[in-house]
Amino acid sequence: MASNSSPLWLVTGAASGIGEAVTRAVCRDGARVLALDLDDAAGQAIAHETGALYQHCDVGDPDAWQEVVRLLQALGAPTHVHLNAGIQIAPPSAPLAEYQLEAMTLERYRRMMSVNVDGIVFGLQTLLPVLEPGAAIVVTASLAGITPYSVDPLYAMSKHAVVGLVRSLGPTLEERGIRINAICPGGIDTAIIPVEQRTDDAVFMSAAHVADEVIHLMTVEESGKTWAKVSEDKPLFMVRAPGDRPAVP
(Lines give C-alpha, C1' and ligand atoms only; values in the text may rest on other atoms or scores of the structure.)
Protein backbone atom coordinates (compact mmCIF):
# COMPACT_ATOMS: atom_id res chain seq x y z
CA MET A 1 0.00 0.00 0.00
CA ALA A 2 1.06 3.58 -0.63
CA SER A 3 1.61 5.99 2.25
CA ASN A 4 -1.34 7.20 4.31
CA SER A 5 -0.98 10.64 2.74
CA SER A 6 -1.93 9.35 -0.72
CA PRO A 7 -5.52 9.31 -2.02
CA LEU A 8 -7.67 6.41 -0.86
CA TRP A 9 -9.89 4.74 -3.43
CA LEU A 10 -12.67 2.32 -2.50
CA VAL A 11 -13.68 0.04 -5.37
CA THR A 12 -16.44 -2.58 -5.36
CA GLY A 13 -16.41 -5.45 -7.82
CA ALA A 14 -12.65 -4.97 -7.80
CA ALA A 15 -11.64 -8.54 -8.64
CA SER A 16 -12.65 -8.41 -12.31
CA GLY A 17 -13.79 -6.20 -15.17
CA ILE A 18 -13.92 -2.43 -14.76
CA GLY A 19 -13.26 -2.60 -11.02
CA GLU A 20 -10.08 -4.59 -11.52
CA ALA A 21 -8.92 -2.21 -14.25
CA VAL A 22 -9.56 0.84 -12.06
CA THR A 23 -7.73 -0.80 -9.15
CA ARG A 24 -4.69 -1.57 -11.27
CA ALA A 25 -4.60 1.88 -12.88
CA VAL A 26 -4.83 3.95 -9.72
CA CYS A 27 -2.40 1.73 -7.82
CA ARG A 28 0.13 2.35 -10.60
CA ASP A 29 -0.38 6.06 -9.99
CA GLY A 30 0.45 5.69 -6.30
CA ALA A 31 -3.04 5.73 -4.78
CA ARG A 32 -4.14 3.46 -1.97
CA VAL A 33 -7.03 1.15 -2.87
CA LEU A 34 -9.46 -0.75 -0.69
CA ALA A 35 -10.65 -3.41 -3.12
CA LEU A 36 -13.96 -5.13 -2.30
CA ASP A 37 -15.29 -8.30 -3.90
CA LEU A 38 -16.66 -11.79 -3.26
CA ASP A 39 -14.05 -13.60 -5.36
CA ASP A 40 -11.37 -13.98 -2.72
CA ALA A 41 -8.85 -15.82 -4.88
CA ALA A 42 -8.92 -13.20 -7.65
CA GLY A 43 -9.14 -10.30 -5.22
CA GLN A 44 -6.18 -11.46 -3.17
CA ALA A 45 -4.15 -12.06 -6.32
CA ILE A 46 -4.82 -8.52 -7.56
CA ALA A 47 -3.97 -7.11 -4.14
CA HIS A 48 -0.68 -9.01 -4.16
CA GLU A 49 0.17 -7.73 -7.65
CA THR A 50 -0.84 -4.10 -7.13
CA GLY A 51 -0.42 -3.34 -3.43
CA ALA A 52 -4.16 -2.82 -2.95
CA LEU A 53 -5.81 -3.93 0.29
CA TYR A 54 -8.42 -6.62 -0.41
CA GLN A 55 -11.54 -7.19 1.70
CA HIS A 56 -14.20 -9.84 1.15
CA CYS A 57 -17.50 -7.97 0.87
CA ASP A 58 -20.99 -8.88 -0.26
CA VAL A 59 -22.14 -5.39 -1.24
CA GLY A 60 -25.80 -6.32 -0.77
CA ASP A 61 -25.22 -7.18 2.90
CA PRO A 62 -25.38 -4.21 5.32
CA ASP A 63 -23.31 -6.13 7.90
CA ALA A 64 -20.49 -6.50 5.37
CA TRP A 65 -20.40 -2.71 4.99
CA GLN A 66 -19.91 -2.37 8.73
CA GLU A 67 -16.71 -4.40 8.34
CA VAL A 68 -15.64 -1.86 5.74
CA VAL A 69 -16.30 0.97 8.20
CA ARG A 70 -14.03 -0.71 10.71
CA LEU A 71 -11.26 -0.87 8.12
CA LEU A 72 -11.74 2.79 7.25
CA GLN A 73 -11.20 3.76 10.87
CA ALA A 74 -7.56 2.79 10.32
CA LEU A 75 -7.24 3.84 6.68
CA GLY A 76 -9.07 7.18 6.80
CA ALA A 77 -11.94 8.50 4.71
CA PRO A 78 -11.97 7.52 1.03
CA THR A 79 -11.24 10.35 -1.38
CA HIS A 80 -12.62 8.41 -4.37
CA VAL A 81 -15.44 5.86 -4.30
CA HIS A 82 -16.19 3.63 -7.27
CA LEU A 83 -19.42 1.67 -6.65
CA ASN A 84 -19.04 -0.72 -9.51
CA ALA A 85 -20.20 -4.26 -8.66
CA GLY A 86 -22.91 -5.53 -10.99
CA ILE A 87 -24.37 -8.70 -12.49
CA GLN A 88 -27.05 -9.66 -14.99
CA ILE A 89 -30.13 -11.73 -14.19
CA ALA A 90 -28.62 -15.00 -15.48
CA PRO A 91 -25.08 -16.42 -15.62
CA PRO A 92 -23.11 -15.81 -18.84
CA SER A 93 -23.38 -19.44 -19.91
CA ALA A 94 -27.18 -19.38 -19.81
CA PRO A 95 -29.12 -19.15 -23.08
CA LEU A 96 -30.56 -15.72 -23.79
CA ALA A 97 -34.08 -17.03 -23.16
CA GLU A 98 -33.17 -17.28 -19.45
CA TYR A 99 -32.57 -13.51 -19.32
CA GLN A 100 -36.20 -12.76 -20.06
CA LEU A 101 -38.76 -11.74 -17.42
CA GLU A 102 -40.84 -14.89 -17.80
CA ALA A 103 -37.77 -17.09 -17.14
CA MET A 104 -36.78 -15.26 -13.95
CA THR A 105 -36.28 -17.24 -10.76
CA LEU A 106 -36.76 -15.57 -7.41
CA GLU A 107 -33.22 -16.50 -6.34
CA ARG A 108 -31.68 -14.87 -9.42
CA TYR A 109 -33.86 -11.80 -9.11
CA ARG A 110 -33.06 -11.25 -5.44
CA ARG A 111 -29.35 -11.72 -6.07
CA MET A 112 -29.23 -9.30 -9.00
CA MET A 113 -31.13 -6.60 -7.11
CA SER A 114 -28.94 -7.18 -4.06
CA VAL A 115 -25.78 -6.48 -6.07
CA ASN A 116 -27.01 -3.87 -8.55
CA VAL A 117 -29.30 -1.78 -6.34
CA ASP A 118 -28.76 -2.70 -2.68
CA GLY A 119 -25.01 -2.61 -3.22
CA ILE A 120 -25.24 1.03 -4.29
CA VAL A 121 -27.78 2.03 -1.62
CA PHE A 122 -25.98 0.34 1.28
CA GLY A 123 -22.62 1.54 0.02
CA LEU A 124 -23.76 5.15 -0.10
CA GLN A 125 -25.61 4.90 3.20
CA THR A 126 -22.44 3.58 4.84
CA LEU A 127 -19.85 5.79 3.20
CA LEU A 128 -21.53 9.19 2.94
CA PRO A 129 -21.29 9.89 6.70
CA VAL A 130 -17.50 9.47 6.58
CA LEU A 131 -16.74 11.25 3.30
CA GLU A 132 -15.21 14.69 3.47
CA PRO A 133 -15.69 17.71 1.16
CA GLY A 134 -13.85 17.15 -2.10
CA ALA A 135 -14.65 13.44 -2.26
CA ALA A 136 -15.84 12.03 -5.58
CA ILE A 137 -18.14 9.08 -6.26
CA VAL A 138 -18.64 7.30 -9.58
CA VAL A 139 -21.35 4.66 -9.85
CA THR A 140 -21.19 2.12 -12.67
CA ALA A 141 -24.63 2.08 -14.26
CA SER A 142 -25.02 1.00 -17.89
CA LEU A 143 -26.24 2.19 -21.25
CA ALA A 144 -29.13 -0.10 -20.26
CA GLY A 145 -29.86 2.43 -17.51
CA ILE A 146 -30.83 5.13 -20.00
CA THR A 147 -32.03 3.10 -23.01
CA PRO A 148 -34.11 -0.07 -23.45
CA TYR A 149 -32.22 -3.37 -23.22
CA SER A 150 -34.51 -6.14 -24.40
CA VAL A 151 -31.87 -8.84 -23.84
CA ASP A 152 -32.19 -8.46 -20.05
CA PRO A 153 -35.12 -6.22 -19.06
CA LEU A 154 -34.63 -6.72 -15.33
CA TYR A 155 -30.99 -5.71 -15.53
CA ALA A 156 -32.13 -2.59 -17.39
CA MET A 157 -34.62 -1.90 -14.60
CA SER A 158 -31.90 -2.14 -11.95
CA LYS A 159 -29.61 0.22 -13.84
CA HIS A 160 -32.42 2.74 -14.43
CA ALA A 161 -32.88 2.74 -10.64
CA VAL A 162 -29.20 3.51 -10.13
CA VAL A 163 -29.32 6.39 -12.61
CA GLY A 164 -32.36 7.85 -10.86
CA LEU A 165 -30.63 7.66 -7.49
CA VAL A 166 -27.47 9.38 -8.71
CA ARG A 167 -29.39 12.16 -10.44
CA SER A 168 -31.54 12.73 -7.36
CA LEU A 169 -28.67 12.75 -4.87
CA GLY A 170 -26.49 15.10 -6.91
CA PRO A 171 -27.80 18.46 -5.65
CA THR A 172 -27.83 17.42 -1.99
CA LEU A 173 -24.32 16.02 -2.07
CA GLU A 174 -23.06 19.02 -4.00
CA GLU A 175 -24.03 21.17 -1.02
CA ARG A 176 -21.58 19.10 1.03
CA GLY A 177 -18.83 19.47 -1.54
CA ILE A 178 -19.16 15.83 -2.64
CA ARG A 179 -19.60 14.95 -6.31
CA ILE A 180 -21.46 11.89 -7.58
CA ASN A 181 -21.84 10.81 -11.20
CA ALA A 182 -22.94 7.69 -13.06
CA ILE A 183 -21.10 6.16 -15.99
CA CYS A 184 -23.30 4.30 -18.47
CA PRO A 185 -21.15 2.16 -20.76
CA GLY A 186 -22.30 0.01 -23.63
CA GLY A 187 -20.92 -3.49 -24.16
CA ILE A 188 -17.68 -4.18 -22.32
CA ASP A 189 -15.53 -7.29 -22.55
CA THR A 190 -16.18 -8.51 -19.01
CA ALA A 191 -17.33 -11.76 -17.44
CA ILE A 192 -21.02 -10.77 -17.24
CA ILE A 193 -21.52 -10.67 -21.04
CA PRO A 194 -23.80 -13.54 -22.12
CA VAL A 195 -21.86 -16.09 -24.15
CA GLU A 196 -24.52 -16.00 -26.88
CA GLN A 197 -23.83 -12.27 -27.38
CA ARG A 198 -20.18 -12.95 -28.18
CA THR A 199 -20.74 -13.25 -31.91
CA ASP A 200 -18.17 -12.61 -34.63
CA ASP A 201 -19.59 -9.15 -35.37
CA ALA A 202 -19.96 -8.07 -31.72
CA VAL A 203 -17.60 -5.27 -30.68
CA PHE A 204 -16.90 -4.68 -27.01
CA MET A 205 -14.94 -1.96 -25.24
CA SER A 206 -12.03 -3.00 -23.06
CA ALA A 207 -12.41 -2.73 -19.30
CA ALA A 208 -9.17 -0.71 -19.20
CA HIS A 209 -10.60 1.89 -21.58
CA VAL A 210 -13.75 2.32 -19.50
CA ALA A 211 -11.63 2.47 -16.33
CA ASP A 212 -9.84 5.50 -17.80
CA GLU A 213 -13.23 7.19 -18.20
CA VAL A 214 -14.17 6.35 -14.59
CA ILE A 215 -10.94 7.94 -13.40
CA HIS A 216 -11.67 11.00 -15.52
CA LEU A 217 -15.18 11.34 -14.06
CA MET A 218 -13.66 11.56 -10.60
CA THR A 219 -12.24 14.94 -11.68
CA VAL A 220 -15.24 16.63 -13.32
CA GLU A 221 -16.97 19.56 -11.65
CA GLU A 222 -20.51 18.36 -12.44
CA SER A 223 -22.48 16.29 -9.94
CA GLY A 224 -25.58 14.13 -10.26
CA LYS A 225 -25.02 13.62 -13.97
CA THR A 226 -25.26 10.60 -16.24
CA TRP A 227 -22.44 9.97 -18.71
CA ALA A 228 -22.76 7.60 -21.67
CA LYS A 229 -19.91 5.73 -23.30
CA VAL A 230 -21.04 3.84 -26.37
CA SER A 231 -17.75 2.80 -27.97
CA GLU A 232 -14.02 3.32 -27.65
CA ASP A 233 -13.88 5.64 -30.66
CA LYS A 234 -16.61 7.96 -29.38
CA PRO A 235 -16.01 10.36 -26.48
CA LEU A 236 -17.88 10.18 -23.19
CA PHE A 237 -20.93 12.45 -23.25
CA MET A 238 -23.53 13.67 -20.75
CA VAL A 239 -27.13 12.53 -21.04
CA ARG A 240 -29.20 15.11 -19.20
CA ALA A 241 -32.39 14.26 -17.37
CA PRO A 242 -35.57 15.99 -18.59
CA GLY A 243 -35.57 19.54 -17.28
CA ASP A 244 -31.85 19.52 -16.52
CA ARG A 245 -30.44 22.38 -18.54
CA PRO A 246 -26.89 23.71 -18.61
CA ALA A 247 -26.21 26.64 -16.30
CA VAL A 248 -26.24 29.98 -18.07
CA PRO A 249 -22.78 31.63 -17.89
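This is a predicted model: local features need pLDDT of at least 70, side-chain atom pairs count only at pLDDT 80 or more; totals for chains, interfaces and linings use all residues.
Visitor: Where does proline 78 lie?

Guide: Proline 78 is in the loop between helix H3 (62-75) and strand S4 (80-83).

Visitor: Is proline 78 buried or exposed?

Guide: Buried means under 20% relative accessible area. Proline 78 has 2% relative accessibility, and therefore counts as buried.

Visitor: How are two packed helices described?

Guide: The description uses the angle between their axes and the distance between the axes. Here, the axes of helix H4 (residues 106-127) and helix H5 (residues 153-175) come within 10 Å and cross at roughly 10°. H4 is therefore roughly parallel to H5, since angles under 35 degrees fall in that class.

Visitor: Which residues of H4 and H5 meet?

Guide: From H4, the residues include Tyr109, Met112, Met113 and Asn116. Their counterparts in H5 include Leu154, Tyr155, Met157, Ser158 and Lys159. By class, the contact of H4 with H5 has 14 nonpolar, two polar and one charged residues.

Visitor: Where is the place of serine 231, and is serine 231 buried or exposed?

Guide: Serine 231 belongs to the loop between strand S7 (225-229) and strand S8 (237-238). Its relative accessible area is 17%, so serine 231 is buried.

Visitor: With which side chain does the side chain of serine 231 make a polar contact?

Guide: A polar contact requires a pair of N or O atoms within 3.5 Å. The partner is the side chain of aspartate 233, at 2.5 Å from that of serine 231.

Note on methods
Residues are numbered from 1 along each chain as its sequence is written. Side-chain values use heavy atoms; hydrogens and water are left out. Axes are lines fitted to C-alpha atoms, for helices over the stretch in contact, and angles run from 0 to 180 degrees between N-to-C directions. Helices (H or I, at least four residues) and strands (E, at least two) are DSSP runs, numbered from the N terminus. Angles under 35 degrees count as roughly parallel, over 145 as roughly antiparallel, 65 to 115 as roughly perpendicular and the rest as oblique. Contact means heavy atoms within 4.5 Å. Ala, Val, Leu, Ile, Met, Phe, Trp, Tyr, Cys and Pro count as nonpolar, Asp, Glu, Lys and Arg as charged, and the others, Gly among them, as polar. Buried means under 20% relative accessible area, exposed over 50%, partly exposed in between (1.4 Å probe, protein chains only). A polar contact is a pair of N or O atoms within 3.5 Å; within protein, one must be able to donate a hydrogen and the other to accept it, and residues adjacent in sequence count only if both atoms are side-chain atoms.
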